[in-house]
Amino acid sequence: MMEGRRYRGRPRSLRVHVAPGSRRGPGVLHAKVTILVHDDAVRMLVGSANLTTPGFRENREVDLSLRADRRARDAGALVRQALEAMPTMLAPWWDETAARVRELALERLDAFGAAQTPEDEWFAWSDGADPLLKQLLDAWPADEVVERIRIVSPFWSEEDGQGPIQQFLSETAKQ
């Protein structure tokens with residue numbers, strides 16, 4: 001799925017389905033989660049790249065690739081967690097094709113013997129109701145001291161005293 005206002009069209013394909021979607025009101029659909037179902041693996045790509053030539057060929061983008069198969073089952077729990085929340089998180093754009101891909105991916109994960117739940121990892125969806133920072137802090141073990149945080153983001157703004165770094169530090173100090 002991708003932001004519909006940026007979609008230029010693509011020929012129909014039996015293997016690739018792109019579902020453009022637009023959000024009403026402020027903001028845009030910024031989800032960049034791609035599910036690839038192979039005979040021998042399920043791959044989930046999560047990142048900042050749009051499905052455009054600049055997104056995959058020209059811009060600097062950050063993407064994470066998780067692959068679950070018979071030999072690498074651990075990633076399957078994280079992929080499963082993301083898949084289970086997809087119908088709710090992407091409800092305005094959810095359709096029969098998305099449901100079929102999701103079900104096929106879950107069937108493959110079951111066949112590989114992928115774990116049902118991750119041990120100490122989670123997939124966080126941002127829907128505005130529960131900000132990512134709050135999700136992170138709620139999941140952080142209470143007895144663990146934060147020694148170092150590394151933030152990787154292609155989106156950044158100048159810090160003005162109330163920017164993202166200060167907000168993050170203020171919220172973590174409350175915990």
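A salt bridge is a side-chain nitrogen of Lys or Arg within 4 Å of a carboxyl oxygen of Asp or Glu. I kept that cut-off in mind while looking through this structure, which is a predicted model.

**Entry 1, salt bridges.** I found that the structure holds 7 salt bridges. One of them joins the side chains of R108 and D39, with N and O at 3.6 Å. Because R108 lies in helix α3 and D39 in the loop between β3 and β4, this pair ties together parts that are 69 residues apart in sequence. I also looked up D39 itself, which is exposed, with a relative accessible area of 69%.

I noted a salt bridge between R102 and E103, whose closest N and O atoms are 2.7 Å apart; R102 is buried at 14% relative accessible area, whereas E103 is partly exposed at 37%. I then turned to K134 and D138, whose side chains meet in a salt bridge of 2.7 Å, N to O, and which, being 4 residues apart in helix α4, are separated by about one helical turn. Salt bridges that share partners also join D40, R67 and D69 into one network.

Which residues form the negative surface patch? I listed D74, D120, E121, D143 and E144. Of these, I placed E144 in the loop between α4 and α5, where E144 is partly exposed at 46% relative accessible area.

How values were computed:
Residues numbered from 1 in each chain as written. Predicted model: local features only at pLDDT ≥ 70, side-chain atom pairs only at ≥ 80, totals over all residues. Heavy atoms only, no water. Patch = residues over 30% accessible without salt bridge, like charges linked within 9 Å, V, L, I, M, F, W, Y side chains within 5 Å. Areas by Shrake-Rupley, 256 points an atom, 1.4 Å probe, with all protein chains shown as cover. Lys, Arg positive; Asp, Glu negative; His and termini not counted. Charge placed at Lys NZ, Arg CZ, Asp CG, Glu CD. Helix = DSSP H or I, 4+ residues; strand = E, 2+ residues; numbered from the N terminus. Buried < 20%, exposed > 50% of the residue type's maximum accessible area, 1.4 Å probe, protein only.
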